[in-house]
Amino acid sequence: MDERTETLKKWISESDNIVFFGGAGVSTESGIPDFRSVDGLYNQKWKYPPETILSASFFRRDPEEYYRFHREKLVIDGVKPNRAHLALARLEQEGKLRAVLTQNIDGLHQAAGSKNVLELHGSILRAYCAKCRKPYPAELMNHGKGVPRCGCGGVIRPDIVLYEEPLDQDVLTSAINYIRNAEILIVGGTSLNVYPAAGLINYYRGNKLVLINLSETPYDSYADLVIHEKIGEVFSRI
Ligand code: CNA
């Protein structure tokens, strides 16, 4: 085993206060494309850039086009948790990991068995009416045709945080508390480009900040341990 993975393994074995903060790169090994990798959604041809389609104003203006993108690009059937999701669930079960903070909207941490998951950007597995806020099962939204509507006439929308929308304040406060009090903060599979979520790691006060990401991130120079590898492979060696 290489030296960096050895260090990570040792740190993990000695701690019962680990917090994980992750992004789309955690789910690429499950077959869900991320945004910024070469084969990610930002590099695919689409009428508008993903951050435009995934914005609150676009959703209001053109829900038909939003749902075309949503069903074609965000909903991927048959995906399963990978080695990273499973290892994190195991660490929680062993009493070592306090929380998973995720920017992902795919529900795969819960599918792996993680209990304390803070979804900073919500989940496409939940839906509600944009007008009266009545909750709806996600099935119609994810697999139906056209724009799903509520009995009140409102448009049914995914329970995700669209661009231009604020994060849920309670989730944000709780995430900050976990990070602030963590002994080890493992940040994985995120380009650390999307704010305010990316700025959360500034609340970490410890000396075991671990970054596991395929490509470089703006925070590499702040980290105590940087591993540029696939996160599922790294966790399979822990
Ligand atoms: P991003 O900006 O696409 O960055 C992903 C990062 O992960 C990149 O730097 C990659 O180099 C890295 N990466 C890709 N695969 C791996 C791997 N196997 N191991 C380690 N690193 C890898 O995504 P962020 O999460 O940083 O951006 C935040 C956005 C993306 C959030 O709003 C998410 O909701 C959104 N998103 C979520 C999903 C999902 O739920 N699975 C998918 C696509 C985008």
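Tutor: Happy to. Proline 196 sits in the loop between strand S7 (184-188) and strand S8 (209-212); strands (E, at least two residues) and helices (H or I, at least four) are DSSP runs numbered from the N terminus. The model is predicted, so local features need pLDDT of at least 70 and side-chain atom pairs count only at pLDDT 80 or more, while totals for chains, interfaces and linings use all residues. Residues are numbered from 1 along each chain as its sequence is written, and side-chain values use heavy atoms, leaving out hydrogens and water.

Student: What is the peptide bond from tyrosine 195 to proline 196, cis or trans?

Tutor: That bond is cis, with omega near 5°.

Student: And leucine 192, where is that?

Tutor: Leucine 192 is in the loop between S7 and S8 as well. Its phi is positive, about 55°, although leucine 192 is not a glycine.

Student: Is leucine 192 buried or exposed?

Tutor: Leucine 192 counts as buried, at 1% relative accessibility. Buried means under 20% relative accessible area, exposed over 50%, and partly exposed in between (1.4 Å probe, protein chains only).

Student: What about arginine 133, buried or exposed?

Tutor: Arginine 133 is exposed, with a relative accessible area of 57%. It has a positive phi of about 70° although it is not a glycine, and it lies in the loop between S4 and strand S5 (135-137).

Student: New topic: which residues of H4 are buried?

Tutor: They are Pro63, Glu65, Tyr66, Tyr67, Phe69, His70, Arg71, Lys73 and Leu74. That is 9 of the 12 residues of helix H4 (residues 63-74), so this helix is largely enclosed by the rest of the structure.

Student: Now the second largest pocket: how much space lies in it?

Tutor: About 320 Å³. Of the 17 residues that line it, the closest to its centre are Asp159, Ile160, Val161, Pro166 and Asp168. A pocket is an open set of points on a 1 Å grid over the protein atoms alone, where a 1.4 Å probe fits, with protein on both sides within 12 Å along at least five of seven lines; lining residues have an atom within 4 Å of a point. The volume is the space filled by probe spheres set on the points, which are joined across faces, edges and corners.

Student: Why does the second largest pocket lie between domain 1 and domain 2?

Tutor: Because domain 1 (1-31 + 81-121 + 166-238) and domain 2 (33-75 + 126-160) both give residues to its lining. Those bounds come from an automatic or database domain assignment.
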